[in-house]
Amino acid sequence: RSSPTSALPFPNKMRARNENDDISMHAIVGTHCVLLGFDVKGYESNGPSTDLSVLMSEMALRSDDNRYDMTKKAASSNIKSKNTSTVVFSGFAVERLDPLKKQNVSLNFDGRPIQKFHFGDYTAVPGMQYEYTVRRMTKAQSSVASTSKFVAYGSSVTVKITTEDPTEGVHGIYFNRGVAGSKAYSDKFHQFSKYHRVNKFGIPRWKSIINPRSIPDPDKSQEALTWLSRGLEEALLQFISQASGSDYRLLATVYEFTHEETIRAFASAVERGVDVKIIRHCKGTHRARVKRNDIVKDENGKVVKDWEPDGPTAAAKKAIDEVGFTSLKDAHTWHHETFIERHYSAGIMHNKFIVLVRKGKPLQVWTGSTNPTDSGIYGQSNVGHIVRSDQVASQYVEYWKHLSRDLPGRKHPSKTNDGGGSENEDNDPMDDFNERQQPDIEGQVKSPSIKVIFSPRKTIDMLQWYADRMGDAKSSVHYTAAFGIAQPIAQILKGENPSKPEADEGLRRSPRIARRCKKNEATSDSLLRYVLMDNKPSEHSSEKSRASAEKKGKEWVDYYDFKENKSNRIAYGAILTDDDDGAHDHGESLTGLTTFVDYIHTKYMIVDALTDNPLVITGSANFSAASTDKNDENSLVIQGDTRVADVYLTEFMRLFDHFYSRDRFLELGKRSSGKSGRVWDEVVMDESWLQPYFDPSTQVYRERLFFR
């Protein structure tokens, strides 16, 4: 783990815990996020709670700046206190001491108690020392009610932490804001909202959009871009700027490539004399040439066809061509020596990494999920992950070199070779090369370690390995899914559902899947699997996929099969529009920078995050068959690094809590005839809000135990 550059009175810990006779607090520390888990002593459940969906009629609906809390409310209280005090425990009071300003700041919105057992401070600054103090709150007596309706009481618990500095250590991890559709963004820039006709999935709709590029005030536009980037753009540009002269090389791969600032940064590196080489996705189709509504044929009567690039290819070419140079020599280098077109991938060239090389020695690699586009940096959730390791960077360089030859992604079936490769390995297809560099992982990974998995591969066995790791989880899984969920992972998420045993009758499973499901069942009392999806799958698409699979004699498992599993806690991207949000002035608006993936574009999984041996898998590859055996992809498999796991965990929970609250709010709105069941900012005045947190049958009970 990295250490501060100067001695600090605060410990540089990613996790810190403290307790007294009444309460406890556990801090999990990231870069911009500090996640606090609370617990109280002397309470127990006195019976089952109401169904969780009813209890969530008022929920923690919080924006990215910790505002707009709603709280849970039960119809009747089954909570039993062992304490003899008559003081009603209304929630938690949290203060943060900022050492630079030497003052305490309350994190309770409008002085109201926090009525949940984990809370995120998402306003922290990387590399900063903080001190958090938690106390209990109760309703104030009438004599002081004029100043505050609630007051803190009882003894306090304090933890001291230092947030992670991503510029230090082996790993530098940068997440963008990823919640353009938030109250904070709308409140800051609502005056620039415009209604646009958006056509997504063939359905035209009018949507409120706040496009940061379209804000007429340059200062406000830059403010919006900076807020949305949250350091991701700055880190990417700084990584490129490290290449300061002719001693350096930048070896990059790009899929979508239209972000003006990133393209300009690469062009500036060329002007500095840096050897810049960029492999770019280049795919398209051959279409019949048409002239005056007639198909053109050659002198032999054969149809003349022209090659037409696909969307990412054409957009990147246009952006590249728009760059201007002072020197004609630099312009020639940019247009004729910098870019290498990748035509012969088995799927798409989906990599997005940069390797920094100095005097022939690979130093660092930038990877992750971020396409250098406006939507990738300012819109959908993305991560940039720097690994400052010459060993890891060297693996990327070897992969890049082979990729630059534009060799086929997979070997043609007719060109088999019993020896397992060609006589000249330099000409091997990418799948041969990738498995020679790093064979498929089997079983557990040594800890601590970093392994790099490049695609395409010969089979989807690595996808099954990822699913097996999810099945092996002892306490937790945190998993993002931008483009649906592959069958091996869906099978694990379904597991054995005790509430619907009939659904498993006649289900065909491999012995490996059966073992995983039995393991899931055995650990179901404590295991929580968090799943964060870009959108909620439609029932219509689910039925079509199921019918198609059944025609082929295959089983199909998706969201509608595993959503009821009590070990699974699922959220998907959503915003609150003006119609949904009647209690505030402005509905939430997206940036309008993307037409496909609006919310979640990251591809990572954390297994047993809060143990001493967590597993983090992250990179460009979606956990899918195509990303395993067709596309050009890269993934990091990081075992046993609690620092990396904590950064990813805190960012995951920031987004999960943000979207989960909106999902529940919108779902409850559909169930009710009006908005009477959805109350903003109302505090539950008795201790009934505690009930689900002490009822072993609920997910939030498990969540309380996990974070405490």
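Helix H12, which spans residues 487–494, is largely enclosed by the rest of the structure, because 7 of its 8 residues are buried, a term that stands for under 20% relative accessible area, with exposed meaning over 50% and partly exposed in between, for a 1.4 Å probe and protein chains only. The buried residues of H12 are Pro488, Ile489, Ala490, Gln491, Ile492, Leu493 and Lys494, and just after the helix Gly495 takes a positive phi of about 55 degrees. Helices (H or I, at least four residues) and strands (E, at least two) are DSSP runs numbered from the N terminus. This is a predicted model, in which local features need pLDDT of at least 70 and side-chain atom pairs count only at pLDDT 80 or more, while totals for chains, interfaces and linings use all residues. Residues are numbered from 1 along each chain as its sequence is written, and side-chain values use heavy atoms, with hydrogens and water left out.

Strand E28, residues 604–607, is covered on both faces, with Tyr604 and Ile606 buried on one side and Met605 and Val607 buried on the other. In a regular strand the side chains alternate between the two faces of the sheet. E28 pairs in the antiparallel sense with strand E25 (residues 476–481) over 3 bridges, where pairing requires that DSSP finds at least two bridges between two strands. E28 also pairs in the antiparallel sense with strand E29 (residues 615–619), over 4 bridges. Ile606 takes part in both pairings, as the bridge partner of His478 and as the residue opposite Val616 in E29.

The structure holds 41 aromatic pairs, counted where ring centres of Phe, Tyr and Trp (its six-membered ring) lie within 6.5 Å, with planes under 30 degrees apart called stacked, over 60 edge-to-face and the rest tilted. Phe117 and Phe694 form an edge-to-face pair, at 5.8 Å centre to centre and 80 degrees between the planes. This pair links distant parts of the chain, 577 residues apart, since Phe117 lies in the loop between strands E7 (103–106) and E8 (118–121) and Phe694 in the loop between helices H17 (642–671) and H18 (699–707). Phe117 is buried at 2% relative accessibility, and Phe694 is buried at 6%. The pair of Tyr399 and Phe454 is stacked, because the ring centres are 4.0 Å apart and the planes stand at 10 degrees. Tyr399 lies in helix H9 (residues 390–403) and Phe454 in strand E24 (residues 449–455), so this pair ties together parts that are 55 residues apart in sequence. Tyr399 is buried with a relative accessible area of 0%, and Phe454 with 3%. Ring pairs also join Phe117 and Phe694 into a cluster with Phe38, Tyr43, Phe89, Phe92, Trp689 and Tyr693.

Charged groups meet rings as well, a charge being over a ring if NZ of Lys or CZ of Arg is within 6 Å of the ring centre and within 35 degrees of the ring normal. Arg569 has its charged end over the ring of Tyr660, 4.5 Å from the centre, and Arg264 lies over the face of Phe325, at 5.7 Å from the ring centre.
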